Amino acid sequence: MPKTETTVPEVQPKAAAEPTTPMAVLAPAMGWIIPGAGHFIQKKWGRGLLLMFAVGLMFVLGLAMGGKIYKANTGDLLDMLGFVGDAGAGGLYVFSRMMDLGATAIAFATADYGTKFIVIAGLLNVMSMVDAYHIAMGRKK
Amino acid sequence: MTLAALFSTTLQLSHFSAAVICAFCASIVFGITQRNAGREMLHYGAYCFAYFVGGLFLAGWIMWLIHH
């Protein structure tokens, strides 16, 4: 029986872990508290302003449309996910809770759109936080 | 005027206008976060917006066909 060659799989060297810089922690945290601020502290003024505008507009329009602000809960799964989305807006969410803004129940169609606007604003802010982190880590210019 | 009073009057938007505003804001964020260079960001944002609005019309026509 002829000998068959066995190939040893090449071991890929592990990529060196990127060192976490203070900016990599600060930028997403600032971006969570104030949408766009994660870009501002890295001198990305234009991007930060546009992100602040987009997230802020969605959140404010959501409130103006009578949208509901979800509170931390352990009830319905959709309510829990709604809270996770809302909380992504960070400072805007905390401020609106402090000022008791937003409806407590969704009574009409426009309020339903508003509720979705607030959740989407939070999720878009999470995307901008991740972007601020990538810039801080040097993965993006 | 307090903030709560400011938001006491409800803004009435149609489903279409709400969806277009949502598409506009989402496209800005997508454009900035998903591309590296300024021009690419603009192109990708416009691309996303066009697809959002195109999808909106498509979904509208599909719902109209289902209804009729």
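This is a tour of a predicted two-chain model, stop by stop.

Residues are numbered from 1 along each chain as its sequence is written, while chains are lettered from A and ligands numbered from 1 in the order in which they are written. Because the model is predicted, local features need pLDDT of at least 70, side-chain atom pairs count only at pLDDT 80 or more, and totals for chains, interfaces and linings use all residues.

**Stop 1: the helix pair across the chains**

Helices here are DSSP runs (H or I, at least four residues), numbered from the N terminus.

Now show side chains. On α6(A), pick Tyr113(A), Phe117(A), Ile120(A), Leu124(A), Met127(A), Ser128(A) and Asp131(A). They meet Ala18(B), Cys22(B), Cys25(B), Ala26(B), Val29(B), Ile32(B) and Thr33(B) of α2(B). By class, this contact of α6(A) with α2(B) has 11 nonpolar, 2 polar and 1 charged residues. Ala, Val, Leu, Ile, Met, Phe, Trp, Tyr, Cys and Pro count as nonpolar, Asp, Glu, Lys and Arg as charged, and the others, Gly among them, as polar.

**Stop 2: the whole interface**

Contact means C-beta atoms, placed from the backbone, within 7 Å.

**Stop 3: the largest nonpolar core**

Select Ala54(A), Met58(A), Phe117(A), Ala121(A), Leu124(A) and Val29(B). Of the 34 residues in the largest nonpolar core, these touch the most other members. Such a core is a set of buried Ala, Val, Leu, Ile, Met, Phe, Trp, Tyr and Cys residues joined through C-beta atoms within 7 Å. Buried means 20 or more other C-beta atoms within 10 Å of a residue's own; exposed means 12 or fewer. The largest share of this core, 9 residues, comes from α2(B).

Center on Leu124(A). Leaving aside neighbours within four places in sequence, Leu124(A) contacts Ala54(A), Val55(A), Met58(A), Cys25(B), Ala26(B) and Val29(B). A second, separate core has 10 residues, including Met30(A), Trp32(A), Val126(A) and Tyr133(A).

**Stop 4: Ile118(A)**

Stay on α6 of chain A, where Ile118(A) is found. Ile118(A) is buried, with 29 other C-beta atoms within 10 Å.

**Stop 5: helix α1 of chain A**

Select residues 22-33 of chain A. Ala27(A), Pro28(A), Met30(A), Gly31(A) and Trp32(A) are buried here. The buried residues of α1(A) pack against α2 (37-40) and α6 of chain A.

**Stop 6: two loop residues**

Go to Lys43(A), in the loop between α2 and α3 (45-64) of chain A. Its phi is near 60°, a positive value in a residue other than glycine. Lys43(A) is exposed, with 8 other C-beta atoms within 10 Å.

Finish at Asp100(A), in the loop between α5 (91-98) and α6 of chain A. Asp100(A) has a positive phi of about 55° although it is not a glycine. It counts as exposed, with 11 C-beta neighbours inside 10 Å.

Terms used
Two residues are in contact if their C-beta atoms, placed from the backbone, lie within 7 Å. The expected span of a helix is 1.5 Å times one less than its number of residues.
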